[in-house]
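Me: I want to learn how to read aromatic pairs in a protein model. Please show me the structure and take me through it.

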Amino acid sequence: MTLNHVRRGSGSPLLLVHGLGAGWRSWSPILDELAERREVIAVDLPGFGETPPLTGDVSIATLTDSVADFILEQGLDGVSTVGQSMGGRIVLELARRGVGGDTVALDPGGFWSDRELIVFGATLRPSIALVRALRGMLPALLGSSVGRTLLLAQFSARPWALSRETVLPDVRGLADSPATGAALDALTQGPKQQGAPAGTVPGRVTIGWGRRDLVTVPRQAARATELFPDAVLHWFERCGHYPQWDAPHEATRLILDSTD
């Protein structure tokens, strides 16, 4: 399968891997700023955006396979990778496999305790069901600071301060993407993320975490850095699960400073 993707800018290539939501458009708040310095390649994972779903098993392993295959077919050996949420987990898995170059994982999944995983599934599934039920009203609801606060308090530290244009693609993606349910099952029912011993990853590893993340809660950062001992941890203050929403300029600087 060839992943749908967009390319912007010029320079050393940078591969962006999204989480649950809008596909490559999840990176829209920072895409142009990154493209001022780098050639940015942003993909739609299978079942998101304009890439068709996988025909077989949907798991973190098979989603990672699709990105690894894309890197091979596009001649991107050694490319720096950036992922957020589920995408953060995927780029860490690529690094664990020795694929790619420098890695930046923003609020990655896969490091829950058993109790946290239960809470994650029990809170996110109703949120997805709600945005699906409100699908036709989302533009109006997200055009209001009150509506954003009510719908996005789980995802953003300051939802009232965001614009509708920033959040609407991801919220619609949660409602519309054919793979949302299967990918959520992969996160909640599949194995947790394995680590990589020191000295085994192909480049630098940077893990960014929002201090106010209510999806992958901040205490999970200690588990992530224990499993990836080569990683440098960066905290985003006053930031929830989406650094590209709550701290776009800081996220851009971190990505550019942490990758070659």
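**Aromatic pairs**

Reply: Rings of Phe, Tyr and Trp (its six-membered ring) pair if their centres lie within 6.5 Å; planes under 30 degrees apart are stacked, over 60 edge-to-face, and the rest tilted. By this rule there are four aromatic pairs. One of them joins Phe 111 and Phe 228, edge-to-face, at 6.4 Å centre to centre and 80° between the planes. The model is predicted: local features need pLDDT of at least 70, side-chain atom pairs count only at pLDDT 80 or more, and totals for chains, interfaces and linings use all residues. Residues are numbered from 1 along each chain as its sequence is written, and side-chain values use heavy atoms, leaving out hydrogens and water.

Me: Which parts does the pair of Phe 111 and Phe 228 tie together?

Reply: Helices (H or I, at least four residues) and strands (E, at least two) are DSSP runs, numbered from the N terminus. Phe 111 sits in the loop between β5 (103-106) and α4 (114-133), and Phe 228 in the loop between α9 (220-227) and β7 (232-236), so the pair ties together parts 117 residues apart in sequence.

Me: Are Phe 111 and Phe 228 buried or exposed?

Reply: Buried means under 20% relative accessible area, exposed over 50%, partly exposed in between (1.4 Å probe, protein chains only). Phe 111 and Phe 228 are both buried.

Me: What kind of pair do Phe 155 and Tyr 242 form?

Reply: Theirs is edge-to-face, with 6.3 Å centre to centre and 70° between the planes. Phe 155 and Tyr 242 are both buried.

Me: Which residues do ring pairs link into a cluster?

Reply: Phe 155, Tyr 242 and Trp 245.
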